[in-house]
Amino acid sequence: MKKIEVIFRPEKLEPLKEKLLEAGIQGVTIFQVSGCGNQHGWIAYHRGNEVMMNTLPKVYLMTVVRDDEVEHTLHLIKEIVYTGNVGDGKIFISTVDECIRIRTDETGDTAL
Ligand SMILES: Nc1ncnc2c1ncn2[C@@H]1O[C@H](COP(=O)(O)OP(=O)(O)OP(=O)(O)O)[C@@H](O)[C@H]1O
Ligand SMILES: [Mg+2]
């Protein structure tokens with residue numbers, strides 16, 4: 001199982017949700033966040049105090065998928081969130097050791 005975390009432009013949330021729903025995604029977790037990448041963020045120090053970190057509103061979407069679904073899922077996501085302009089966002093992919101469906105105590109892929 002892999003965890004796919006996507007941080008992207010808020011205006012892409014609805015089209016991305018629609019796309020993932022169509023594709024039969026198992027589940028998603030979404031947060032409204034604010035953050036910065038390499039252009040917009042910095043911390044300045046004034047007399048020892050942090051005075052500024054510029055952040056922009058973004059959406060964070062997390063989904064855990066089977067290993068064999070990763071490539072397809074990434075393709076769908078990139079198709080929607082890409083504009084080619086700075087601030088398009090980031091995708092992080094990591095391995096998930098286990099998943100448990102609390103109701104049934106199923107584990108692994110079938111619990112997703
Ligand atoms: N290394 C990182 N770790 C955690 N979150 C990040 C990281 N880089 C970017 N983010 C998150 O992704 C959002 C979008 O980042 P952004 O697309 O501006 O990245 P970038 O590296 O500056 O790329 P670009 O040059 O396309 O702007 C940020 O607002 C932040 O929430
Ligand atoms: Mg940036």
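Two strands count as paired if DSSP finds at least two bridges between them. Keep that in mind as you tour this predicted model.

**Stop one: a facing pair.** Select isoleucine 4 and threonine 63; the isoleucine stands opposite the threonine, which belongs to E5. Now widen the selection to strand E1 (residues 2–8) and strand E5 (residues 56–65): they run antiparallel and are joined by 7 bridges.

Next, select helix H2 (residues 70–81).

**Stop four: the core.** Which residues touch the most other members of the largest nonpolar core? Pick out Ile4, Val6, Phe8, Leu16, Leu61, Ile77 and Val81, from a core of 14 residues. At least two core residues come from each of E1, helix H1 (13–22), E5 and H2. H2 gives the most, with 5 residues.

**Stop five: back to isoleucine 4.** Show what surrounds this residue: leaving aside neighbours within four places in sequence, isoleucine 4 has contacts that include Leu61, Val70, Leu74, Ile77, Ile91 and Phe92.

**Last stop: another core.** Finally, select Met1, Val64, Cys99 and Ala111. They are among the 6 residues of another core, which lies apart from the largest one.

How values were computed
Residues are numbered from 1 along each chain as its sequence is written. Chains are lettered from A and ligands numbered from 1 in the order in which they are written. This is a predicted model: local features need pLDDT of at least 70, side-chain atom pairs count only at pLDDT 80 or more; totals for chains, interfaces and linings use all residues. Side-chain values use heavy atoms; hydrogens and water are left out. Helices (H or I, at least four residues) and strands (E, at least two) are DSSP runs, numbered from the N terminus. A nonpolar core is a set of buried Ala, Val, Leu, Ile, Met, Phe, Trp, Tyr and Cys residues joined through side-chain atoms within 4.5 Å. Buried means under 20% relative accessible area, exposed over 50%, partly exposed in between (1.4 Å probe, protein chains only). Contact means heavy atoms within 4.5 Å.
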